[in-house]
Amino acid sequence: MKQHDYYIKRCIEIAKNGLGTTRPNPMVGCVIVHNNSIIGEGFTSPYGGNHAEVNAIASVKDKSLLEKATLYVTLEPCSHFGKTPPCSDLIIKHNIPKVVIGTIDTHSKVAGKGIEKLKNAGCNVVVGVLEDACKKHHKRFFTFHNKQRPYIILKWAETTDGFIAPLTKEEQKPVWITNTYSRQLVHKWRSEEQAILVGTNTVLQDNPSLTVRDWTGTNPIRVVLDKNETLSKAYKVFNNEAQTIVVKDTSAQSICKALYDAEINSVIIEGGSKTLQLFIDSGVWDEARVFTGQTMFKEGIKAPNFTGKLISEENIKNDILRIYENPDKDV
């Protein structure tokens, strides 16, 4: 592996430590190298805290080495004042001579200004190392700012005969298709995304909490579609365990606008069938995570009908998890 690729890959690895805590900031990773040895590392702190570059520079014990070091970072260093001062200024202050950047920050407040500032200060700047991997890593951030909607993850579980729920139920609670390990993974996913969305029928049929219980993490914002205002506050989604937003206009575009206006940069849509199909038919989705359990219903509510690009498949005990990407990335 090329040297630059190796260190940018390490930047991506450590950046993932910020998943679910940095928003609306991107989860950036930064590595500082001197004589082919890593002397400092950092990733973005929870929102309001230090950026990755600040944490990486602070971790370097011998600051005199910075004047002969190379700083690697997944995303262009910021050049503006926000909650914290510009990272590009800090790099210049410490006379770091070379900066290797995975991808340009397309946010209007940055958009090449950080690179320009570094170059004007005499810094040797390399841009576009593992660019596709860095863009994929920052998918939530880029989708929100470039497409003005959240990054949308569809998630459902279906039986081996293609149903996501039985036609009738004896109790107002979920009928489990997958095993406990798959359900724990779903709770991990909930902790990683800013919001979770369901339709009216899911609330009526399952009375879900939509919180993180089988994993440690922050509860997502709950988004409930309720076009006809049929849901009472007695349902669990309206308890005080997490914030809940009710959306009455239920076209995919209107829902996306409401979430964008609420500054939600990612959402996991967990049902039901009509809500999932709404986004599929509109083409407004980025990723689908589909479990197939070993259960059979013989009859029931059919799983969503969709076409996606399969990017991974794995077994979770006796469940199968397939992850798809939307082949139309321009939506």
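Student: How much space lies in the largest cavity?

Tutor: Rolling a probe the size of a water molecule over the atoms shows where empty space is left. In this predicted model, the largest cavity holds about 150 Å³ of space. A search of the whole structure finds 2 cavities of 30 Å³ or more.

Student: Which residues lie nearest the centre of the largest cavity?

Tutor: Of the 18 residues that line the largest cavity, Thr 22, Asn 25, Met 27, Arg 140 and Asn 265 lie nearest its centre. Helix α6, residues 139–147, gives the most to this lining, with 3 residues. By class, the lining of the largest cavity comprises 5 nonpolar, 9 polar and 4 charged residues.

Student: What lines the second largest cavity?

Tutor: Its lining consists of Pro 24, Arg 140, Phe 141, Phe 144, His 145 and Asn 265. These divide into 3 nonpolar, 2 polar and 1 charged residues, and the volume of the second largest cavity is about 30 Å³.

Student: Which strands pair with β4?

Tutor: Strand β3, residues 70–75, pairs with β4 in the parallel sense over 5 bridges. Strand β5, residues 124–127, also pairs with β4 in the parallel sense, over 4 bridges. Val 99 in β4 is the bridge partner of Leu 71, and Val 99 also stands opposite Val 125 in β5.

Methods:
Residues are numbered from 1 along each chain as its sequence is written. This is a predicted model: local features need pLDDT of at least 70, side-chain atom pairs count only at pLDDT 80 or more; totals for chains, interfaces and linings use all residues. Side-chain values use heavy atoms; hydrogens and water are left out. Two strands pair if DSSP finds at least two bridges between them. Helices (H or I, at least four residues) and strands (E, at least two) are DSSP runs, numbered from the N terminus. On a 1 Å grid over the protein atoms alone, a cavity is a set of points where a 1.4 Å probe fits but cannot get out, and a pocket is an open set with protein on both sides within 12 Å along at least five of seven lines; lining residues have an atom within 4 Å of a point. Grid points are joined across faces, edges and corners, and a volume is the space filled by probe spheres set on the points. Ala, Val, Leu, Ile, Met, Phe, Trp, Tyr, Cys and Pro count as nonpolar, Asp, Glu, Lys and Arg as charged, and the others, Gly among them, as polar.
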